[in-house]
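Subject: Structure handover

Hello,

Here is the structure you are taking over. My notes on what was found in it follow below.

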Amino acid sequence: ARAVLLQREIPEHVNVAVAEVAVAHGVLVFQDVGGEDRPITDDLLSKLAFIAPNAPELQRLTGMPTSTFAEAVAAARSLQVRGAQQVLVTLGGRGAFLLDRTGAVSSQPACAVPG
């Protein structure tokens, strides 16, 4: 495998064990934040190539506001400080952004939904 996707519904110790094996074999680790609302450990964050929260999940994970784009970027940076390499944040009708490993932010406006 070239990548593994972790789910929050899986117990944290299992996600950490899977991430450790994946990283040891050069496999990218992605974390979907949806599912259970619980803290995420720095140990797990340090093994993630990508973490993908939406704005409310990002607020819950960081305890920081995410109402504005600047607030969401600051909250994403706090996950990076804790160890996550890259943070992909979805903002609903406001689009999404990627905070890459260099700290650069790439944003994408929301796409129009037909109908």
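I start with helix H4, where Ala 72, Val 73, Ala 75, Ala 76, Ser 78, Leu 79 and Gln 80 are buried. Please keep in mind throughout that this is a predicted model.

What do the buried residues of H4 pack against? Their partners include three strands, namely E3, E4 (86–90) and E5. Strand E6 (105–108) is also on the list, as are the helices H2 (42–45) and H3 (55–62). H4 itself has 13 residues, and the distance from its first C-alpha to its last is 18 Å. That is close to the 18 Å expected at 1.5 Å a residue. Just after H4 comes Gly 83, with a positive phi of about 135°.

Aromatic pairs

How many aromatic pairs are there? The count is 2.

One of them is formed by Phe 30 and Phe 50, and it is stacked. The ring centres are 4.9 Å apart, with 5° between the planes. An angle under 30 degrees counts as stacked, so the 5° of this pair puts it in that class. Phe 30 belongs to strand E2 (residues 28–32) and Phe 50 to strand E3 (residues 50–52), so the pair ties together parts of the chain 20 residues apart in sequence.

Surface patch

Which residues form a nonpolar patch on the surface? They are Ile 10, Val 14 and Val 18, and together they have about 180 Å² of accessible area. Val 14 sits in helix H1 (residues 12–24). With a relative accessibility of 32%, Val 14 counts as partly exposed. Patch residues need over 30% relative accessible area, so Val 14 at 32% passes that cut-off.

Regards

Definitions and conventions:
Residues numbered from 1 in each chain as written. Predicted model: local features only at pLDDT ≥ 70, side-chain atom pairs only at ≥ 80, totals over all residues. Heavy atoms only, no water. Phe/Tyr/Trp six-rings, centres within 6.5 Å; stacked < 30°, edge-to-face > 60°. Helix = DSSP H or I, 4+ residues; strand = E, 2+ residues; numbered from the N terminus. Patch = residues over 30% accessible without salt bridge, like charges linked within 9 Å, V, L, I, M, F, W, Y side chains within 5 Å. Areas by Shrake-Rupley, 256 points an atom, 1.4 Å probe, with all protein chains shown as cover. Salt bridge = Lys/Arg side-chain N within 4 Å of Asp/Glu carboxyl O. Buried < 20%, exposed > 50% of the residue type's maximum accessible area, 1.4 Å probe, protein only. Expected span 1.5 Å × (residues − 1). Contact = heavy atoms within 4.5 Å.
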